[in-house]
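Hi,

Here is the structure I said I would pass on. Have a look at it first, and then read my notes below.

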Amino acid sequence: MKITLYIWRQSGPNDEGKFVRYDVEKVSPHWSFLELLDVLNNQLIEKGEEPVAFEHDCREGICGSCGFMINGVAHGRQYAPEGRTTVCQLHMFRFKDGDELYLEPFRAKAFPVLKDLMVDRSAFDKIIEAGGYITVHAGNAPDGNTILIQKDIANEAMNAAECIGCGACVASCKNASAMLFVSAKISHLGLLPQGQPERKRRAQRMIAKMDELGFGNCTNQYECEAVCPKGIRKDFIGRMNRDFLFSVNTETESKDFVGAI
């Protein structure tokens with residue numbers, strides 16, 4: 001089949017950018033979307049043109065590297081109604097001959113475009129550095145059953161831990177809010193016994209860093225949940241807000257920290 005792509009081409013952060021049309025012939029329904037771009041890039045290289053820049057790594061929907069908008073929706077979610085699909089796991093049998101697709105990078109103030117479909121998502125790393133970790137004493141790893149964890153709590157922590165940090169939630173939110181991502185990270189650690197000592201400080205520092213980096217606030221539209229390729233639920237945002245409010249009302253040191261921001 002033939003697929004027509006209108007791809008956002010931008011040579012660098014200071015370039016204005018524009019859509020450029022490409023026609024790809026003899027597309028196999030077995031190709032993944034990234035393989036379609038691979039074929040296109042080989043054709044561009046053979047013609048001496050600049051290939052399209054896009055991020056990828058595992059191509060198994062695990063690493064969170066790939067991600068861009070397809071016809072206005074992150075990861076082309078509208079072409080995979082069953083959900084939980086990253087763009088690397090989106091295959092061409094979802095499309096039909098003659099389809100015209102517009103590919104754009106994730107757009108958000110905190111995600112500046114680097115080139116074509118690539119954006120700088122290091123803001124997520126900075127949020128994690130602010131508190132998305134558990135401090136432990138060095139030594140041998142403890143036995144897995146040393147600390148018993150209730151089954152439903154372990155399951156919920158794993159549900160939150162599924163977040164791969166792809167940024168689709170930010171790109172889909174009209175406020176470019178990162179609250180679904182941050183709430184998943186806070187909930188993952190805050191549900192487990194190992195995460196309790198730093199739970200209050202973690203919520204405050206990660207939320208403060210999120211605000212500092214220019215992410216917006218949640219206004220309960222839930223576009224983030226609708227496009228999340230890992231099914232992270234909006235319920236985690238409520239849990240994050242409760243952790244934050246509880247911490248600022250009970251931690252003297254934390255009140256000073258928040259007041260200084």
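To start you off: which residue in β2 does isoleucine 7 stand opposite? The residue across from isoleucine 7 is valine 20. Before I go further, please keep in mind that this is a predicted model.

Strands of a sheet pair through backbone hydrogen bonds, in either the parallel or the antiparallel sense.

With β2 it pairs in the antiparallel sense, over seven bridges. With β5 the sense is parallel, over four bridges, and there tyrosine 6 has tyrosine 102 as its bridge partner. β1 is also mostly covered, with seven of its seven residues buried. Both faces are covered: one side carries Ile3, Leu5, Ile7 and Arg9, the other Thr4, Tyr6 and Trp8, and all of these are buried.

Now the helix pairs. α3 (residues 151–161) packs with α5 (residues 179–190) at an angle of about 150°, and their axes are 8 Å apart. That makes the two roughly antiparallel, and α3 passes α5 in a left-handed crossing. On the α3 side the contact involves Ala157, Ala160 and Ala161, which meet Ala184, Ser187 and His188 of α5. Sorted by class, this contact has four nonpolar and two polar residues, and no charged ones.

The other pair is α2 (residues 122–131) with α6 (residues 199–212). Their angle is about 155°, with the axes 8 Å apart, so α2 and α6 are roughly antiparallel to each other. This crossing is right-handed. From α2 come Lys126, Ile127, Ile128, Ala130 and Gly131, and they meet Arg202, Arg205, Met206, Lys209 and Met210 in α6. By class, the contact of α2 with α6 has five nonpolar, one polar and four charged residues.

Two loop residues are also in my notes. Glutamate 25 is in the loop between β2 (18–24) and α1 (33–46). Its relative accessibility is 45%, so glutamate 25 counts as partly exposed. Setting aside residues up to four places away in sequence, glutamate 25 touches Met1 and Lys2. The C-alpha atoms of glutamate 25 and methionine 1 are separated by 6.3 Å, although the two residues are 24 apart along the chain.

And is threonine 86, at 4% relative accessibility, buried or exposed? Threonine 86 counts as buried, because 4% falls under the 20% cut-off. You will find threonine 86 in the loop between β4 (73–74) and β5 (100–104). Apart from its neighbours within four places in sequence, threonine 86 is in contact with Gly61, Cys66, His75, Ile164 and Pro229.

That is what I have for now.

Cheers

Note on methods: Residues numbered from 1 in each chain as written. Predicted model: local features only at pLDDT ≥ 70, side-chain atom pairs only at ≥ 80, totals over all residues. Heavy atoms only, no water. Axes fitted to C-alpha atoms, helices over the stretch in contact; angles between N-to-C directions. Parallel < 35°, antiparallel > 145°, perpendicular 65-115°, else oblique. Left-handed = near helix turned anticlockwise from the far one by under 90°. Contact = heavy atoms within 4.5 Å. Nonpolar A, V, L, I, M, F, W, Y, C, P; charged D, E, K, R; others polar. Buried < 20%, exposed > 50% of the residue type's maximum accessible area, 1.4 Å probe, protein only. Pairing = 2+ DSSP bridges.
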